[in-house]
Amino acid sequence: MRKLLLLVLFVLVTMVTYAGGYRVSVQGQRAMAMGHTGVAVVNSAELVFFNPAGLVYLENKLNVSVGASGIFSEVIFQNEELGISSETDNSVGTPLNVYASYQVNEWMSVGLGVYTPYGSEVTWPTDWAGSQLVNNIDLAAIYIQPVVSFKLSDHFSIGGGPIYVTGSVNFNRNASRTTTDLEGNRSNITVDDTGVSNWGWSIGAMFNPTENFHLGFSYRSEIILESTDGEATFANFPNSPLAPANGTTGFEAELPLPAELTVGLSYEYKKWLFAFDYNRQFWDVYESLDLTFGNGQTSINPRNYKNSSVYRFGLQYAATEKITLRAGYYIDESPVQAGFFAPETPRNDSDGFSGGLSFAITPKLAIDASFFFLRFEEIDASYDFGANGESFGGTYESSAFGPGIGLTYKM
């Protein structure tokens, strides 16, 4: 089992990618199948992420959950007035997670989680109409979270712990709509950095008025990733005193990973389980994406995100001793305000539909499967803060689909 966990951790750290979206809500196969509910659901080590306070109520001494999803997404842009259109490459993201918990005694459990809640991978055609904002971006953030959980009584528990985050970014955009070198190649800038890290924390609580009714609370702190040792490459700029020199220099930037608050409940009746989560994401910390380059150039990119909410509903049915069925629905509000719709994170309000099942191979080992479909509302949006006050906008159509598979082990 130890070798298996080390292998999964190695794969997670080396292969994590994303498709569409800055916040990627795929942190557990059982939870995902139920609309990503979990703050008040006691069923696996996924509680390390959703609410560490619940770990002390798991029946088994050791619990391990491992999962991966494949996310297929696309974004289509068009501006009928200008007669232009583009669409992103149909990239495939693979967010992964591994959780483990161990019951030290009747009143204390410990756990560890490695997961990927933030990231973005978007690739537009080179030199497309909005290339002055983005050609491609690959952003990843890996969370490593040890937790401890204390049972204060049969009805109340608390839990939490520190969070270590390490991230990377690779971002390319053209300098403007018109700037080229003497051969007509578009001037562009690429920034790249890895190993950017920082610390945060989490805390949770669970209250059980009855054996079948649970109330949950979970909070994860804001974490700011500060890039100070990255490289910025300027290419295809004209030989002019008004243009930056071609070549590589350093850059500094900050990217916020916002705080999150989740409250929810679950109720079990015979073979049925109903869950509801309300999730609040404090995106107002993301005011601007500003870069300061070592050659004296700066890039100021206002974002002005607003706080947003997600409403999640989940249902579970124990069909047989071996098969458990799940379904879910959620409403995900966009944090992007009018006039700030940048195509590196082309995200608007969406409806999510999910489902899945667990099949118990043995009393100790089960296969967990899930899927989700995100239907984003078609939106007419623009980004009004480009270079020299340029505005870029049109109609965006987006969708995403994600099947997932995982294993749950207990003993």
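Are Tyr286 and Tyr305 buried or exposed? Tyr286 is buried, as is Tyr305, where buried denotes under 20% relative accessible area, exposed over 50% and partly exposed the range in between (1.4 Å probe, protein chains only). The model is predicted, so that local features need pLDDT of at least 70 and side-chain atom pairs count only at pLDDT 80 or more, whereas totals for chains, interfaces and linings use all residues. Residues are numbered from 1 along each chain as its sequence is written, and side-chain values use heavy atoms, with hydrogens and water left out.

The structure holds 24 aromatic pairs; rings of Phe, Tyr and Trp (its six-membered ring) pair if their centres lie within 6.5 Å, and planes under 30 degrees apart count as stacked, over 60 as edge-to-face and the rest as tilted. The ring centres of Tyr286 and Tyr305 are 4.8 Å apart and the planes stand at 75 degrees, so this pair is edge-to-face. The pair links distant parts of the chain, 19 residues apart: Tyr286 is in the loop between strand 14 (272–281) and strand 15 (291–293), and Tyr305 in the loop between strand 16 (298–299) and strand 17 (308–318). Strands (E, at least two residues) are DSSP runs numbered from the N terminus.

Tyr383 and Phe385 also form an edge-to-face pair, with 6.0 Å from centre to centre and 65 degrees between the planes. Tyr383 is buried at 1% relative accessibility, while Phe385, with a relative accessible area of 35%, is partly exposed. Ring pairs join Phe77, Trp124, Trp128, Phe341, Phe392 and Tyr396 into a cluster.

Pockets were defined on a 1 Å grid over the protein atoms alone, as open sets of points where a 1.4 Å probe fits, with protein on both sides within 12 Å along at least five of seven lines; lining residues have an atom within 4 Å of a point. Grid points are joined across faces, edges and corners, and a volume is the space filled by probe spheres set on the points. The largest pocket has a volume of about 1,200 Å³. Its lining comprises 43 residues, with Val42, Asn43, Glu59, Glu268 and Lys410 nearest the centre. Elements that give two or more residues to this lining include strand 9 (188–210), strand 13 (260–269) and strand 22 (392–410).

The second largest pocket holds about 520 Å³ of space. Of its 26 lining residues, Arg173, Ala175, Thr298, Ser299 and Ala387 are the closest to the centre. Strand 8 (156–174), strand 15 and strand 16 each supply at least two residues of this lining.

Note on methods:
Helix = DSSP H or I, 4+ residues; strand = E, 2+ residues; numbered from the N terminus.
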